[in-house]
Amino acid sequence: MVKVSLENVKLLVDLDKEPQFAPSETTVETILTKDAFEFIVLLHRTFNNRRKQLLQNRQVVQKKLDSGDFQLDFLPETARIREDPTWQGNILAPGLIDRSTEITGPPLRNMLVNALNADVTTYMTDFEDSSSPTWLNMIYGQVNLYDVVRDQVAFKTPRKEYKLNKPISESPTLIVRPRGWHMEEKHLYVDDEPISASIFDFGLYFYHNAHQLIKIGKGPYFYLPKMEHHLEAKLWNDVFNVSQDYLGIPRGTIRATVLIETLPAAFQMEEIIYQLRNHSSGLNCGRWDYIFSTIKRLRNLPGHVLPNRDQVTMTSPFMDAYVKRLINTCHRRGVHAMGGMAAQIPIKTDPIANEKAMTKVRNDKIRELTNGHDGSWVAHPALAAICNEVFANMGTRNQIHFVPENKVTAQDLVNTEIENGQVTTEGIIQNLDIGLQYMEAWLRGSGCVPINSLMEDAATAEVSRCQLHQWVKHKVVLKDTGEQVTPELTARILREQVDKLSQESPVGSKNKFSLAAKYFLPEITGEKFSEFLTTLLYDEILTVKDFPIDLSKL
């Protein structure tokens with residue numbers, strides 16, 4: 001075993017004062033062992049410089065796009081990968097053959113139990129967009145996963161008893177989404193810089209659970225978010241190889257599904273599968289993040305202004321093109337092509353509105369099935385029946401054998417023209433409402449928020465922010481009033497929404513709408529543009545200790 005020094009590694013929390021956040025005999029000390037620290041510190045020291053360079057490369061692409069003289073295209077230097085018909089992803093892994101209905105949610109203990117008891121095939125438990133990365137959420141997410149993998153997740157509250165209906169070996173297959181390469185875990189410093197949040201989340205889960213997952217007939221499976229270049233996938237692949245070697249696990253045991261949720265990644269789908277091919281279990285259409293990324297990367301180009309968010313659908317030209325290319329690419333390479341999220345939640349107080357919402361979900365899933373997806377996502381267990389009903393029509397456990405025609409061009413992927421698209425005052429209000437409500441909840445520690453009968457996560461708040469920034473920057477004229485979208489207009493409506501939401505807040509004066517607005521305001525008036533809301537807000541939820549724990553003394 002490689003000897004790893006823990007000199008200059010410091011934990012900025014006081015473990016003695018941490019509350020017992022999960023009703024479990026497993027403690028934080030069970031997760032944060034000396035051996036586990038040595039493992040994640042090794043990964044960080046080995047790969048962090050590459051991670052930072054790849055993040056810098058994203059901004060190089062952005063500057064080229066902003067110049068107006070550069071267009072995204074398929075990479076000429078990787079044409080050999082795209083043109084070689086012989087290579088394939090790995091064979092399908094145990095528990096990942098049938099993925100017709102996947103449910104998602106944060107690693108909260110009650111949500112883990114509810115999701116694993118749902119009538120679904122797989123469950124993506126999420127440290128990223130549906131989690132607010134407070135220290136307690138992140139570390140007790142690891143505690144909860146440690147327990148669920150060992151069939152010791154059951155607990156009681158005064159109102160309810162939570163337990164798995166089946167052993168974990170027979171429950172839906174667990175897939176973990178760590179935080180993206182752009183995020184850091186600032187409660188743990190290695191060599192005077194915060195550890196990569198991706199390595200922290202992946203490393204702790206893998207180190208403690210990989211052998212147990214293999215023992216129960218599954219494996220360490222992951223969803224990888226927010227990548228923008230195939231070399232970012234190669235970085236993950238190298239992390240996987242070192243990790244498997246470290247624990248004496250055969251290479252290829254780890255499987256990873258990549259969310260194609262950034263515009264640059266859509267031009268490199270083939271290369272991303274290739275870089276991960278021994279570990280690849282396919283690609284997923286991360287629809288809301290993809291809209292966010294498309295606006296973000298093209299935000300300074302006047303020809304790519306998108307209309308009100310409810311007019312940007314999966315049948316919009318650039319979205320339809322991305323879906324069709326993804327399915328063709330995955331199936332030619334023998335891996336899954338997963339559909340997007342149905343964010344609707346049941347509307348119990350209005351049967352007519354509920355039926356309308358469920359019909360919308362059903363039609364969306366029929367479109368995905370017909371296009372060739374192998375399965376799809378739902379945000380609520382009640383939607384599983386609809387997804388199951390639709391995807392039962394595959395007749396097989398997936399439809400990787402079906403390779404639809406691919407006529408998608410580079411121009412199709414950036415065709416953001418939407419027929420009869422318009423921006424209205426209501427569109428501004430909707431974006432401000434969703435953005436503020438999500439940010440406020442996130443600042444209070446909740447990253448998965450029901451708003452207007454939809455389960456919102458960071459991606460939808462990002463769409464709100466980017467659209468408002470884009471409309472102000474390009475001085476869009478409102479269809480309903482003829483008024484120009486100006487910084488003064490968005491600032492005024494923002495103040496009105498803050499007052500309204502503060503008065504309606506279920507937590508009263510403890511709400512954080514004013515704090516959310518402080519960060520939101522410069523983003524929606526054109527004063528600045530941040531890469532991610534989550535990194536912009538992160539320091540507000542830090543709970544670092546004044547006197548760090550020197551881990552070399554463990």
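These legends walk through several close-up views of a predicted model.

**View 1. Here we meet an open sheet of four strands****.**
The strands follow the order β8-β7-β1-β16, and their pairing is antiparallel. Strands β8 (193-196) and β16 (549-550) stand at the edges with a single partner strand each, so one side of each is left without a neighbour in the sheet. Strand β1, made of residues 9-11, pairs with β16 in the antiparallel sense over two bridges. To find your way along this pair, look for K10, which stands opposite D550 in β16.

**View 2. Helix α2 lies across strands of this sheet, namely β1, β7 and β8****.**
The helix covers residues 34-67, and β7 covers residues 184-190. Relative to β8, helix α2 runs at about 100 degrees. A salt bridge joins R51 to E184, with their closest N and O atoms 3.7 Å apart. R51 lies in helix α2 and E184 in strand β7, so this pair ties together parts that are 133 residues apart in sequence. Is R51 buried or exposed? R51 is buried, with a relative accessible area of 4%.

**View 3. Within helix α2, K34 and E38 form a salt bridge****.**
The closest N and O atoms of E38 and K34 are 2.6 Å apart. Why are these two residues separated by about one helical turn? They are four residues apart in helix α2, and therefore about one helical turn lies between them. E38 counts as buried at 11% relative accessibility, while K34 is partly exposed, with a relative accessible area of 36%.

**View 4. A salt bridge between R50 and D238 reaches from helix α2 to helix α7****.**
In this pair the closest N and O atoms are 2.9 Å apart. R50 belongs to α2 and D238 to α7, and the pair links distant parts of the chain, 188 residues apart. R50 is partly exposed, with a relative accessible area of 32%. D238 is buried, and its relative accessible area is 16%.

**View 5. Q59 is another residue of helix α2 to look for****.**
Q59 is partly exposed, with a relative accessible area of 30%. Which residues is Q59 in contact with, leaving aside its neighbours within four places in sequence? They are R297 and E531. Although Q59 and R297 are 238 residues apart along the chain, their C-alpha atoms are separated by 9.7 Å.

**View 6. Strand β9, helix α7 and strand β10 make a right-handed β-α-β unit****.**
Helix α7 in this unit spans residues 230-247. The two strands, β9 and β10 (residues 255-260), pair in the parallel sense over four bridges. One landmark is Y221, whose bridge partner in β10 is R255. Strand β9 (residues 221-224) is covered on both faces. On one side sit Y221 and Y223, on the other F222 and L224, and all of them are buried.

**View 7. Helices α4 and α5 cross at roughly 40 degrees****.**
Their axes come within 9 Å of each other, and α4 passes α5 in a right-handed crossing. Where they meet, α4 contributes R109, L112 and L116, while α5 contributes N144, L145, D147 and V148.

**View 8. This view turns to the buried residues of helix α4****.**
Helix α4 covers residues 109-117, and its buried residues are R109, L112, V113, A115 and L116. What covers these buried residues? The cover includes helix α5 (135-149) together with the strands β2 (101-105), β3 (122-126), β4 (155-156) and β5 (161-162).

**View 9. A network of salt bridges links several charged side chains****.**
Its members are D126, E128, D129, R177, K226, E261 and D289.

Methods: Residues numbered from 1 in each chain as written. Predicted model: local features only at pLDDT ≥ 70, side-chain atom pairs only at ≥ 80, totals over all residues. Heavy atoms only, no water. Buried < 20%, exposed > 50% of the residue type's maximum accessible area, 1.4 Å probe, protein only. Contact = heavy atoms within 4.5 Å. Pairing = 2+ DSSP bridges. Axes fitted to C-alpha atoms, helices over the stretch in contact; angles between N-to-C directions. Right-handed = clockwise from strand over helix to strand, strands pointing away. Salt bridge = Lys/Arg side-chain N within 4 Å of Asp/Glu carboxyl O. Left-handed = near helix turned anticlockwise from the far one by under 90°.
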